[in-house]
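User: Hello! Could you take a close look at one part of this protein for me and walk me through it in a connected way?

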Amino acid sequence: MPPKGGKADKNAAAASAQASAKASKGAKKKKWSKGKVKEKANNLVVFDEESYDKLYKEAAKYKLVTVSVLSERLRINGSLARVAIRELAAKDQIRCISSHASQAIYTRGSNVAAAE
């Protein structure tokens, strides 16, 4: 039987392990990712003829009408959507379900539901 390895073999193995760890650690440095960038929405600030007509034809038939829904579907600005909701509510095209400081929820008006 050959003699058992002493401290020299253990030290050599540990030294080679540290050397390989340092080499791999120093070889490549972590680079920061650029991150995800959301595409900028190009929403209207003022109604054009097409979107104004679409507001009266389609928005009055939506089951749920909020600022975010109008902004998303009609591609209009949030402040323009708030004005549009006030105008539709004044003409009884939509009716208020819940109104809060930050969110107002509307649904189809009674005259639109009767017409269908």
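How are α2 and α4 oriented to each other: parallel, perpendicular or oblique?

Analyst: Happy to! This is a predicted model, in which local features need pLDDT of at least 70 and side-chain atom pairs count only at pLDDT 80 or more, while totals for chains, interfaces and linings use all residues. Residues are numbered from 1 along each chain as its sequence is written, and side-chain values use heavy atoms, with hydrogens and water left out.

First, the setting. The protein has five helices and two strands, in the order α-α-α-α-β-β-α along the sequence. Here helices (H or I, at least four residues) and strands (E, at least two) are DSSP runs, numbered from the N terminus. Of the 116 residues, 20% are buried, where buried means under 20% relative accessible area, exposed over 50% and partly exposed in between (1.4 Å probe, protein chains only).

Now to your pair. Helix α2 (residues 49-58) packs against α4 at an angle of about 45°, and their axes are 11 Å apart. Axes are lines fitted to C-alpha atoms, for helices over the stretch in contact, and angles run from 0 to 180 degrees between N-to-C directions. The two helices are therefore oblique to each other: under 35 degrees counts as roughly parallel, over 145 as roughly antiparallel, 65 to 115 as roughly perpendicular, and the rest as oblique. The crossing of α2 and α4 is right-handed, that is, the near helix is turned clockwise from the far one by less than a right angle.

With a relative accessible area of 47%, Arg75 is partly exposed. Asp92 is exposed, at a relative accessible area of 52%.

Finally, α4 supplies three residues to the lining of the largest pocket, the largest share. β2 (104-108) also supplies at least two. Among the lining residues are Arg82, Ile85, Arg86, His100 and Tyr106. A pocket is an open set of points on a 1 Å grid over the protein atoms alone, where a 1.4 Å probe fits, with protein on both sides within 12 Å along at least five of seven lines; lining residues have an atom within 4 Å of a point. The space in this pocket is about 200 Å³, a volume filled by probe spheres set on the points, which are joined across faces, edges and corners.
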